[in-house]
Amino acid sequence: MSLNFKKKVSFYIALGSLLVLGFLWILLNGTPFPRWFTPPTQQRIAYLAPANSPEVVIHDLVIGETRTLTDTQGQVYDFDVSPDGKFIIYSQSNQMGGRDLVRINLTTEKKTTLTECGQSVCFEPAISPDGNQVAYTLQDAGRGWKPEVWVLALNNLSRQPLFEDPNISSAQAR
C-alpha cells in the first residue's frame, strides 16, 4: 500500500468518526449546537426615524429588511422594547395635546392603546424585566405639570402611582 492511500483512509476514518459523534450529539441534545451557543434567530434594531417626523422603525440584521411599524404622521415621542422582543410600547401625541401609550405586537403588528391621557402627557415607557408592567412618566396640567411615575399592569391595564406620597415626583426619586 502506498503512503498516499493510507493518508486518505485515515482521513476518511477521522471524518466518519466526527460525523458519527455529531449525529450522536444531535440525538442526545436535540440541537447541533451546544447550549452555550445559540445561533441568532432574530437580531433586530428598533429606532425612531426620521428625526423631524419620528416613527418607530425596525431593521432586521439577519435578512436586511427595514420597515416602519407606526404611521402617526410623526407623532411618536419615545419607546421601549419588551425584554422578550415581542412588543414595543411607545408614546404618541394625541388630538387633545397630550400623549398616550400604545403597544404594538411585533408579530402581528396589532396596535393597542394602553392609556388615554387626554391633555396629560404620558411618556418615557420602561417595560419591566418580566414584561408584565410598564412604568411611565405622567405630567398633568391639573397637578402643575409635576412629573410623576406611574405603573401600568399590562394584563388588565390597571394603573397606579409608584409613590403614594403626592409630594414625591419622579425628579426626586433617583
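This is a predicted model: local features need pLDDT of at least 70, side-chain atom pairs count only at pLDDT 80 or more; totals for chains, interfaces and linings use all residues.
Me: In what order do the three strands of the open sheet stand?
Reply: Residues are numbered from 1 along each chain as its sequence is written, and side-chain values use heavy atoms, leaving out hydrogens and water. Strands here are DSSP runs of E with at least two residues, numbered from the N terminus, and two of them pair if DSSP finds at least two bridges between them. With antiparallel pairing, the order in this open sheet is β1-β2-β3.

Me: Which are the edge strands?
Reply: An edge strand pairs on one side only. In this sheet that applies to β1 (44–49) and β3 (66–68).

Me: How many bridges join β1 to β2?
Reply: Strands of a sheet pair through backbone hydrogen bonds, either parallel or antiparallel. Here β1 and β2 (residues 55–60) run antiparallel. Within this pair, Tyr47 stands opposite Val57 in β2. The number of bridges joining β1 to β2 is six.

Me: How many strands are there in the protein chain?
Reply: Going from the N terminus, the elements run α-β-β-β-β-β-β-β-β-β-β-β. Besides one helix, the protein chain has strands numbering eleven.

Me: What percentage of the residues count as buried?
Reply: Buried means under 20% relative accessible area, exposed over 50%, and partly exposed in between, using a 1.4 Å probe and protein chains only. Of the 174 residues in the protein chain, the buried share is 30%.

Terms used: Helices (H or I, at least four residues) and strands (E, at least two) are DSSP runs, numbered from the N terminus.
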